[in-house]
Amino acid sequence: MDEREVAEFAAHPLAADAVALRRWDDAAKDPDGPRLAMPTLLAAHARCVAARRV
């Protein structure tokens with residue numbers, strides 16, 4: 001990305017979310033990385049679904 005593209009991306013309201021998603025995606029590819037228990041993942045998913053209904 002050139003400087004203009006970086007500035008355009010950074011100005012987007014969801015830029016920080018996009019960067020976080022990319023980091024999580026990269027971290028998830030580490031077979032020796034930390035893992036969450038299924039109940040924890042399901043609870044997080046339920047919170048996300050509930051938040052979208054508002």
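**Entry 1: helix α2.** I began with helix α2, which covers residues 15-28 and has 14 residues. From its first C-alpha to its last I found a reach of 20 Å, close to the 20 Å expected at 1.5 Å a residue. I note here that the model is predicted. Of the 14 residues of α2, the number buried is 1, so the helix lies largely in the open.

**Entry 2: the whole chain.** I asked how many helices and strands the protein chain has. The count is 3 helices and 0 strands. Reading along the sequence, I recorded the pattern α-α-α.

**Entry 3: overall dimensions.** I looked up the radius of gyration and found 15 Å for the protein chain, whereas a compact globule of 54 residues would have one near 10 Å. The C-alpha trace spans about 45 × 35 × 10 Å along its principal axes.

**Entry 4: surface and burial.** I next turned to the chain as a whole and noted that 4% of its 54 residues count as buried. Its accessible surface comes to about 5200 Å². Carbon and sulfur atoms account for 63% of that surface.

**Entry 5: the largest pocket.** Which residues line the largest pocket? I listed A27, A28, D30, P31, G33, P34, R35 and L36. Of these, A27 and A28 fall within the residues 15-28 of helix α2. I recorded a volume of about 230 Å³ for the largest pocket. By class, its lining has 5 nonpolar, 1 polar and 2 charged residues.

How values were computed
Residues numbered from 1 in each chain as written. Predicted model: local features only at pLDDT ≥ 70, side-chain atom pairs only at ≥ 80, totals over all residues. Heavy atoms only, no water. 1 Å grid on protein atoms, 1.4 Å probe; cavity = no way out; pocket = protein on both sides within 12 Å on 5 of 7 lines; lining within 4 Å. Points joined across faces, edges and corners; volume = space filled by probe spheres on them. Nonpolar A, V, L, I, M, F, W, Y, C, P; charged D, E, K, R; others polar. Helix = DSSP H or I, 4+ residues; strand = E, 2+ residues; numbered from the N terminus. Expected span 1.5 Å × (residues − 1). Buried < 20%, exposed > 50% of the residue type's maximum accessible area, 1.4 Å probe, protein only. Rg over C-alpha atoms; globule rule 2.2 N^0.38 Å. Areas by Shrake-Rupley, 256 points an atom, 1.4 Å probe, with all protein chains shown as cover.
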